[in-house]
Amino acid sequence: AAATAAAAAASGCPVAFAHFRFSVEGEAQEVLSGAPVLLLRDLHVDPSHQRKGVGKHLCQMLELVARKHAMHGVMVLSPAGNAGNVARGFMASKLKGFECADAEWAPMDKNMSAFAKSLLVVKPPSTPASAAVSSPAAAVKAAEVAKGQAASPDSILCAPRRFPDDAATPSPGSQATPAAPAGVKDAVLTTQVAPRRPESRAAAAAAVEPGEFDAPTPSSSSS
């Protein structure tokens, strides 16, 4: 057998071949329906090269071809019953991901059986946290916005505290913020000083009551 394999390799003769085509799942039932798949009809390996990984290598190459051409899966038609024991054993031991598809795509030929492998990648559902920040740039922008909205706890212009957790002990030197008026959600307290009206010195002197700023008269007993 080793001499035969060496002679075949030296002569350049093919030692294995695969018969496949791009089709749909429904071809097994002679209908044009189902997902696009690479349909493998025949796979043969020369007896002198069997059990050396040649058949497995061919199937792996076919899977790469299917992925490159955006096929949704690979479908294999093998003989049913005892005639397909070798093919089913090969797929179970050497290949991965193939499952019997007779429940959905049973071939019209009752002597055949269908096996399929999906090539689609199922992405896990995104969580609310990951959906909120979809990219590093969005995360940086959200951090900058949050930093700009954060007010100093010592500022008298920040909105009144509305949450129990915010009623913490004020830091040294800080001023307590008065409560907002009723019905006002967010209040900003400001102080305005009215300008003083000009008045004459005579009017200012007249406004002072007599004797308000007079020096006290010393009593006779004190002398």
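Here is a short chat about charged residues and nonpolar cores in this predicted model.

Colleague: Happy to start with charges: which residues are linked with Glu63 in a network of salt bridges?

Modeller: Let's take the pairs in turn. Glu63 meets Arg67 in a salt bridge at 3.2 Å, N to O, and both residues lie in helix 2, four residues apart. Glu63 also forms a salt bridge with Lys117, with the closest N and O atoms 2.9 Å apart. The residues linked with Glu63 in the network are therefore Arg67 and Lys117.

Colleague: Nice! How many residues apart in sequence are the parts that Glu63 and Lys117 tie together?

Modeller: Glu63 is buried, at 17% relative accessible area, and Lys117 is buried too, at 15%. Glu63 lies in helix 2 and Lys117 in strand 5, so the parts this pair ties together are separated in sequence by 54 residues.

Colleague: Glu25 is buried yet has no salt bridge; how far away is the nearest side chain of opposite charge?

Modeller: Glu25 sits in the loop between strand 1 and strand 2, and its side chain makes a polar contact with that of Trp105 at 3.5 Å. A salt bridge needs the nitrogen and oxygen within 4 Å. For Glu25, the nearest side chain of opposite charge is Lys117, at a distance of 14 Å.

Colleague: And the largest nonpolar core: which element gives the most to it?

Modeller: This core has 13 residues, and Leu38, Val76 and Phe98 are among those touching the most other members. Strand 2, helix 2 and strand 3 each give two or more residues. The element giving the most, with three residues, is helix 2.

Definitions and conventions
Residues numbered from 1 in each chain as written. Predicted model: local features only at pLDDT ≥ 70, side-chain atom pairs only at ≥ 80, totals over all residues. Heavy atoms only, no water. Buried < 20%, exposed > 50% of the residue type's maximum accessible area, 1.4 Å probe, protein only. Lys, Arg positive; Asp, Glu negative; His and termini not counted. Polar contact = N/O pair within 3.5 Å; in protein donor to acceptor, adjacent residues only side chain to side chain. Core = buried A, V, L, I, M, F, W, Y, C linked by side-chain atoms within 4.5 Å.
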